[in-house]
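Hi,

Here is the structure I promised to hand over. Have a look first, and my notes on what turned up follow below.

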Amino acid sequence: MAEFKEAPAGASIATQLMTWVDNRFPASKMYKEHMSEYYAPKNFNWWYIFGSLAMLVLVIQIVTGIFLVMHYKPDANLAFASVEYIMRDVPWGWLIRYMHSTGASAFFVVVYLHMFRGLLYGSYRKPRELVWIFGCGIFLCLMGEAFMGYLLPWGQMSYWGAQVIVNLFAAVPFVGPDLALLIRGDFVVSDATLNRFFSFHVIAVPLILLGLVVAHIIALHEVGSNNPDGVEIKGPKAPKDAAGHPLDGIPFHPYYTVHDIFGVSLFLIVFCSIIFFSPELGGYFLEYNNFIPADPLKTPAHIAPVWYFTPFYSMLRATTDVMVNVLSGIIGLGAVLAVLKGNFAGKGKIAVLVGALIGIVLLKTFDAKFWGVVVMGGAVVILFFLPWLDHSPVKSIRYRPSWHTYVYGVFVVFFLVLGYLGIQPPTDIGTLIAQIGTLFYFGFFLLMPWWSKLGTFKQVPDRVNYHAH
């Protein structure tokens with residue numbers, strides 16, 4: 001048990017109060033460990049603003065969500081009308097609703113950019129594997145939170161989008177129909193589905209999300225932040241001053257808090273501009289069909305999820321029988337090359353061929369719809385394994401071969417193209433492009449142990465490169 005501290009004689013009331021609190025709760029200690037004495041690399045650039053922005057948007061979503069719940073009715077007969085009531089009759093209700101709907105898209109914008117920054121600078125590499133895993137868990141929770149929240153307005157696209165996505169679970173062999181029934185709570189999307197989605201969206205998933213955010217920050221502050229050079233500023237060999245503080249670091253507060261406040265100001269300008277001038281953003285943030293009450297007897301001409309799900313939805317649609325045949329051929333060819341070119345003993349070659357044969361049989365046994373669900377889920381799950389897929393001798397893209405930049409560039413282009421194709425009605429040429437994009441997406445990660453080691457790498461400096469500005 002820590003000893004109680006006494007406030008200095010003649011101390012102000014505020015100092016006395018803070019001393020009283022510190023004797024019972026480590027407020028000052030936490031402030032020092034996570035703010036004023038948390039040393040971050042001095043060479044942060046603007047890529048490092050998106051973590052703070054994600055925290056800001058999380059607060060916006062929680063606060064606006066609380067006010068929306070005050071007036072929302074989780075009832076299939078009243079849900080759509082209650083949203084209209086919020087928009088038309090509740091004072092400032094339209095603003096709260098638009099902040100929440102715009103915040104959902106803004107959340108994914110900043111999280112995608114935050115994850116891409118980690119990809120560029122190797123922020124998932126040792127010793128930050130857990131930081132990355134917690135971050136991927138946050139991303140997965142966000143997807144679940146957004147999907148369940150999307151049903152709540154009970155509009156046409158909400159209803160039919162949920163119908164399509166939940167029906168995908170029915171493709172799982174043996175347990176699929178029962179699993180889909182469990183998720184819906186009924187044989188079709190109905191009042192039971194709305195109620196369980198509402199409870200998960202408002203209570204269960206936010207609690208898990210907040211826990212993962214806390215774990216993400218604690219893990220980050222335990223090992224320290226990465227930087228654009230990928231140089232450790234807190235390691236045993238890192239230069240430190242007499243007090244033991246890293247010479248290449250500066251206190252997070254006030255330096256980066258001011259930096260983040262400036263970034264937050266720019267973000268809020270864009271955020272408020274969308275809310276006040278184009279909250280639907282051409283149908284990308286709020287689809288026009290969602291302003292029509294849900295009608296189980298009238299299917300929209302084209303059903304598509306919200307834009308932040310569409311890259312993965314494209315991968316689902318791209319997994320056709322032709323795609324399954326192509327994947328079977330790739331597995332067979334890979335096995336033959338591994339046997340011919342690999343350094344395997346006799347039993348090793350047999351194991352590779354048998355494994356490939358089992359994989360091809362499994363691909364042919366189950367239909368393409370099931371494998372589409374596997375591909376869509378695998379596209380997210382594979383991110384968790386990134387720390388062990390990247391075998392590059394350096395962390396940051398700055399010191400990798402220049403052609404690595406083009407690989408990352410093509411990856412981004414394909415991801416954006418997949419997102420666009422997921423919004424559009426399916427076409428033959430669109431499906432072909434989506435299949436190529438899906439193969440590249442998985443090839444980027446699955447072949448990373450091989451291609452990430454290729455090329456001539458630049459010398460990583462002993463200390464961070466920093467130029468005052």
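A word on terms first: on a 1 Å grid over the protein atoms alone, a pocket is an open set of points with protein on both sides within 12 Å along at least five of seven lines, while a cavity is a set of points where a 1.4 Å probe fits but cannot get out; lining residues have an atom within 4 Å of a point. Points are joined across faces, edges and corners, and a volume is the space filled by probe spheres set on them.

Please bear in mind that this is a predicted model, where local features need pLDDT of at least 70 and side-chain atom pairs count only at pLDDT 80 or more, while totals for chains, interfaces and linings use all residues. Residues are numbered from 1 along each chain as its sequence is written, and side-chain values use heavy atoms, with hydrogens and water left out.

The largest pocket has a volume of about 1,200 Å³. It is lined by 43 residues, and closest to its centre are Gly-51, Ser-52, Met-55, Ile-217 and Leu-220. Helix 9 gives the largest share of this lining, 9 residues. Other helices that each supply at least two residues include helix 3 (50-69) and helix 5 (93-121). (Helices are DSSP runs of H or I, at least four residues, numbered from the N terminus.) The lining divides into 27 nonpolar, 13 polar and 3 charged residues, where Ala, Val, Leu, Ile, Met, Phe, Trp, Tyr, Cys and Pro count as nonpolar, Asp, Glu, Lys and Arg as charged, and the others, Gly among them, as polar.

As for cavities, the whole structure has 1 of 30 Å³ or more. The largest cavity has a volume of about 50 Å³, and its lining is made up of Phe-80, Val-83, Glu-84, Arg-97, Pro-153, Asn-290 and Phe-291. Helix 4 (residues 79-88) provides 3 residues, the largest share.

Ser-392 counts as buried because its relative accessibility is 1% (buried means under 20% relative accessible area, exposed over 50%, partly exposed in between, with a 1.4 Å probe and protein chains only). A polar atom of the Ser-392 side chain lies 2.9 Å from the backbone oxygen of Val-394.

Finally, the cysteines. With a disulfide taken as a pair of cysteine sulfur atoms within 2.5 Å, the count is 0. For Cys-141, the nearest cysteine sulfur belongs to Cys-136, 12 Å away.

Best wishes

Key: A polar contact is a pair of N or O atoms within 3.5 Å; within protein, one must be able to donate a hydrogen and the other to accept it, and residues adjacent in sequence count only if both atoms are side-chain atoms.
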